[in-house]
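Colleague: Could you walk me through reading a model like this one? I'd like the general idea each time, then the case at hand.

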Amino acid sequence: MKTMTLPPNVYDAEPIPESARAEVERLLQSGDLFRYTAPEDAPVSLLESEFAAMMGTKYALAVSSCSAALFLSLKALGLPRDARVLIPGFTFAAVPSSVVHADCVPVLCEVGENYRIDIADFTAKLDSVQAVIISHMRGHTSDMDAIMDLCDARNIPVIEDAAHSLGTTWHGKKIGTVGRVGCFSFQSYKLVNAGEGGILITDDADLVARAVIMSGAYEHNWQKHKAPAGDNTGALALAFERWQNKLPLYNLRLSNLSAAIIRPQLAEVPRRVRDGRANHDYVAGLLNRSPWLQVPEKLGPEDRAPDSIQFNLEGMDNDQILAFQAAANARGIKVQVFGQSSDNARAFWNWQFIEDLPELPRTRAMLMSACDVRLPPRLKRDELDVIAGALTGAAEDVMGPLRAYGT
């Protein structure tokens, strides 16, 4: 009797490294969870220094979420009320929400079948906006060469929403360092897990000083944010002095307990990136053998750090797409077809808090057949085979078995 192989659990995160335990216990014993209590070297401050060093930037600010980082980035740019901010039509609802929260207006542009920004539509809308957020949605990098050339020529600042892209590079340059500011997530389903949390990085002293104050560095707590070692320009201190008491406080700070959980995971990032990329590419190769499943190719300059896989359903009508989703779920692999659920927060037509929500026909068409499956780096080859087999098998359940050549 053949033993049935159970599908892997793709939702549990990796255990927090054992090295975090001592620091967490110390914090619990001291009760010292507020980032500004310690005179120096609080866990949040150390995290900021270590993350900035890892990314090769001057400054980092750890906050309560990536959404908070995006919001603070917009506010720190000093945009006027009702400034128009161009975002991709394929992203998570938190991105347009951060724009609205910052008293700005989201402007949506088309996204193609490869999940990346349609440069023609982006270009057509660019002259009507004051800032851009590029969401590297699910880790897919848009053409950053074209985007930066277009935006630099117009002096339009670019914020990178790199929530899914820690460890991805573009021409060898780390994603999150291409634009004016990069924002990352530490939510549980991301590469580094604190349950909740986020961080922004930049080389702009004035921008980070404004963001630090607005994040909740009241009175003189900004003095505990230091310039990187060897930076003797004094630009950061001057910026803090310039903005103290002139900005509202939104209280979006990260706690020391979260930082203590995050810090030991930074050493795991290269391994998670390597394994996540290998897992993705292996499964992509298996899925692309099916005539009904297609994983778009990455762009040439991009080296991704994926923890999930996206693929398009080809040659299926809407009923067959729904049947495929049900068949995969029946085989134990949860497939999310972005546009096929009534409340998916990644389908732009569900962002009904946006006034005059536009229609994006290319993006809508893509979302109606684009599938999403979690693929964490911790999975092993036999587990990947089960996932790929369930997906290709579900397609055959709906479309009929593949016939060998000549039969």
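**Helix packing and burial**

Modeller: Let's begin with a contact: N279, Y282, V283, L286 and L287 of helix 10 meet R381, L384, D385, A388, L391 and T392 of helix 13. Contact means heavy atoms within 4.5 Å, and helices (H or I, at least four residues) and strands (E, at least two) are DSSP runs numbered from the N terminus. By class, that contact has seven nonpolar, two polar and two charged residues; Ala, Val, Leu, Ile, Met, Phe, Trp, Tyr, Cys and Pro count as nonpolar, Asp, Glu, Lys and Arg as charged, and the others, Gly among them, as polar.

This is a predicted model, where local features need pLDDT of at least 70 and side-chain atom pairs count only at pLDDT 80 or more, while totals for chains, interfaces and linings use all residues. Residues are numbered from 1 along each chain as its sequence is written, and side-chain values use heavy atoms, leaving out hydrogens and water.

Colleague: At what angle do helix 10 and helix 13 pack?

Modeller: Two packed helices are described by the angle between their axes and the distance between the axes. Here helix 10 (residues 269-287) and helix 13 (residues 381-399) pack at about 35°, with axes 10 Å apart. Axes are lines fitted to C-alpha atoms, for helices over the stretch in contact, and angles run from 0 to 180 degrees between N-to-C directions.

Colleague: Which residues of helix 13 are buried?

Modeller: Buried means under 20% relative accessible area, exposed over 50%, partly exposed in between (1.4 Å probe, protein chains only). In helix 13 the buried residues include L384, I387, A388, L391 and A395. Their cover includes helix 10, strand 10 (293-294), strand 12 (308-313), helix 11 and strand 14 (370-374). Just past helix 13, G400 has a positive phi of about 100°.

Colleague: Is I333 buried or exposed?

Modeller: I333 is buried, at 4% relative accessible area. I333 sits in the loop between helix 11 (318-330) and strand 13 (336-337). Not counting residues up to four places away in sequence, I333 touches P7, P8, A328, V373, I387, A390 and L391. The C-alpha atoms of I333 and V10 are 8.9 Å apart, though 323 residues separate them along the chain.

Colleague: And what phi does E219 have?

Modeller: E219 has a positive phi of about 50°, although E219 is not a glycine. E219 lies in the loop between helix 7 (205-216) and helix 8 (235-243), and is exposed at 57% relative accessible area.
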